[in-house]
Amino acid sequence: AANCLPREISLVASEFTEGFETGPNAANITSGNTTYSSITGTASFDNSYFVAGALSAKMAPAGGSAIAPKEIFPGSVTLRYFRRFFRVNALPITSSIATLMRIRLSSTTMGQVVLLNSGAIQIRDANVAVATSTNTISLNTWFRIEWQVNGTISAAQTCRLFLGATYNSAT
């Protein structure tokens, strides 16, 4: 199971923020009780672990499957900035990944941040690895990822990983 507290912000056209504070504990997360347009998989509000406020999203994928909250940005938005907090209690199974963040144009993945079964974080152009962290995440410990994607088809990406005591520090 993974808990995450996403903060997604588009710096060009609009702002999208979700703190997972709108539902009662243990209720399923839906497009009706969050600002996400859809949820693939099963996620619920959880008060066991949180960074700020009193709740987070608890996602428990089976095996290598993924759960993804989705928000559709207008096509005119080309600069995107994401900040999310995660707490993971198990790594993906061998030869699997967990997609933590993804940018799509229609149904085509253009870029993504994934968690490898080694505990490393990797950024990808579409589905091709372009950089892998040398540090790995620790299980059952909060960490923060900040990801900036500038462009659409040939996007420039910047990714920062905040571990340990720095997970909630200023950028």
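**Cores and salt bridges: a quick chat**

Student: Before we dig in, what kind of model is this?
Tutor: A predicted one, so keep that in mind throughout.

Student: OK, how many salt bridges does the structure hold?
Tutor: Two. In one, Arg83 pairs with Glu146, and the closest N and O atoms are 2.9 Å apart.

Student: Where do Arg83 and Glu146 sit in the chain?
Tutor: Arg83 is in strand β7 and Glu146 is in strand β12. They're 63 residues apart, so the pair links distant parts of the chain.

Student: And is Glu146 buried or exposed?
Tutor: Buried, because its relative accessibility is 3% and the cut-off for buried is under 20%. Arg83 comes out at 26%, which means partly exposed.

Student: Which residue does Glu146 meet in the other bridge?
Tutor: Arg144, at 3.0 Å from N to O. Both of those residues are buried. Put together, Arg83, Arg144 and Glu146 form a salt-bridge network.

Student: Switching topic: how many residues are in the largest nonpolar core?
Tutor: There are 16. Among those with the most contacts inside it are Met101, Phe143 and Trp147.

Student: Which strands supply at least two residues each?
Tutor: β7, β8, β9, β10 and β12. The top contributor is β12, with four residues.

Student: What is Ile121 in contact with, leaving aside its neighbours within four places in sequence?
Tutor: Quite a list, including Leu100, Val113, Ala131, Phe143, Ile145 and Leu161.

Student: Which residues does the second core include?
Tutor: Phe20, Phe45, Leu55 and Ala57 are among its eight, and that core is separate.

Definitions and conventions
Residues are numbered from 1 along each chain as its sequence is written. This is a predicted model: local features need pLDDT of at least 70, side-chain atom pairs count only at pLDDT 80 or more; totals for chains, interfaces and linings use all residues. Side-chain values use heavy atoms; hydrogens and water are left out. A nonpolar core is a set of buried Ala, Val, Leu, Ile, Met, Phe, Trp, Tyr and Cys residues joined through side-chain atoms within 4.5 Å. Buried means under 20% relative accessible area, exposed over 50%, partly exposed in between (1.4 Å probe, protein chains only). Contact means heavy atoms within 4.5 Å. A salt bridge is a side-chain nitrogen of Lys or Arg within 4 Å of a carboxyl oxygen of Asp or Glu.
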